[in-house]
Amino acid sequence: MRIAVIPGDGIGKEVMEAAIFVMDRMNLPLKYEFYEAGDECLKKYGKALPDETLEACKKSDAVLFGAAGETAADVIVRLRQELQTYANVRPARALRGVNCLYPKTDILIVRENTECLYLGLEFQIGDVAEAIRVISKKASERIARFAFELAKKEGRRKVTALHKANVMKKTCGLFRDVCKEVAKNYPEIEFNEYYIDAACMYMVMDPYRFDVIVTTNMFGDIVSDLAAGLVGGLGLAPSANIGDKYAIFEPVHGAAFDIAGKGIANPTAMILTACMMLKHLKYLEEAKRIEKALEDAIYEGYRTRDIGGNMKTMEFAREVARRL
Ligand code: ATP
């Protein structure tokens, strides 16, 4: 199987090296093909996402992505659109032993990936800047169905839609109505809805009321960082972008230039992201073994700086690999 690997910028390169080091231990028939994209690529070739990279992604069985810095909108946001990976799945699960606000949190956030304010339809006339928010019935139905199917597959009991339909009556109203309609097809799964602002408060005060969340693009981006904060930070948060044909796997964090080049980034998010990819490619057992090795290592106190330890990126990766 062909994996298009895009390490990208900043800590993307460092955590990618660590994740591939760990996966290599499993001796899987995966062929990693490395491609460039991001800020450095823009400087070098004048393009943040070269055609060669985009074409390679379309020919691969999965894309494994590290991080993009200032060019994120031109690289990862565009990649998600080009490959029509309409569902961004961002699990927020507390790992055993990690000191965090809510150690029993286990939320699956499903974020619509192809429209909303992130379409980048922005204009400025003089001193006034405008953005267009697009929400369609088709994309809303697709993401709502995806969320319920995922809930079913994962044995979850509830799907919660987040929106702001009392203010954005047309866009959020449409999204909410579609979610309600789709929910009728899944009587075995409970459905409820919250306004996004109230949901943020509930998430901080009582995240255990959430199981699967479905929401629009920008709300999903914000709420998934919030959820990552509840379970120990961005160094631990993986994600998958899934479409009917393609899939892109990337950690929730970005290039984190403040810590880049020092070899201290936590590779956990990237390793868990690689596990999501392995599961998608049907290497379920292998993914579970890596997850267990990683969780055991953290539980026993092997930790990078962001979660209270002093290990370097590759030291931690070697410890995980040693357990496999
Ligand atoms: P973006 O805007 O693309 O999300 P960013 O560089 O502004 O990216 P993030 O990379 O998302 O910000 O991360 C915010 C901060 O969280 C970083 O500056 C860093 O201090 C911390 N952080 C993120 N990822 C990790 C990691 N893997 N290990 C340790 N700390 C991290």
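I looked up Asn88 and found that Asn88 stands opposite Asn241 in β11; strands here are DSSP runs (E, at least two residues), and helices likewise (H or I, at least four), numbered from the N terminus. The model is predicted, so I note its rule that local features need pLDDT of at least 70 and side-chain atom pairs 80 or more, while totals for chains, interfaces and linings use all residues. Residues are numbered from 1 along each chain as its sequence is written, and side-chain values use heavy atoms, without hydrogens and water.

I then checked the pairing of β4: three bridges join β4 to β11 (240-242), and the two run antiparallel. Strands count as paired if DSSP finds at least two bridges between them.

I followed helix α9 (268-280), which packs on the sheet and touches β1, β3, β4, β11 and β12 (247-249); contact means heavy atoms within 4.5 Å. The direction of α9 makes about 170° with that of β3, with axes fitted to C-alpha atoms (for helices over the stretch in contact) and angles running from 0 to 180 degrees between N-to-C directions.

A cavity is a set of points on a 1 Å grid over the protein atoms alone where a 1.4 Å probe fits but cannot get out; lining residues have an atom within 4 Å of a point. About 40 Å³ lies in the largest cavity, the volume being the space filled by probe spheres set on points joined across faces, edges and corners. I listed its lining residues, among them Arg90, Ile109, Ser224 and Val252. The elements giving two or more residues to this lining are β4 (87-93) and α8 (217-230).

Key. On a 1 Å grid over the protein atoms alone, a cavity is a set of points where a 1.4 Å probe fits but cannot get out, and a pocket is an open set with protein on both sides within 12 Å along at least five of seven lines; lining residues have an atom within 4 Å of a point.
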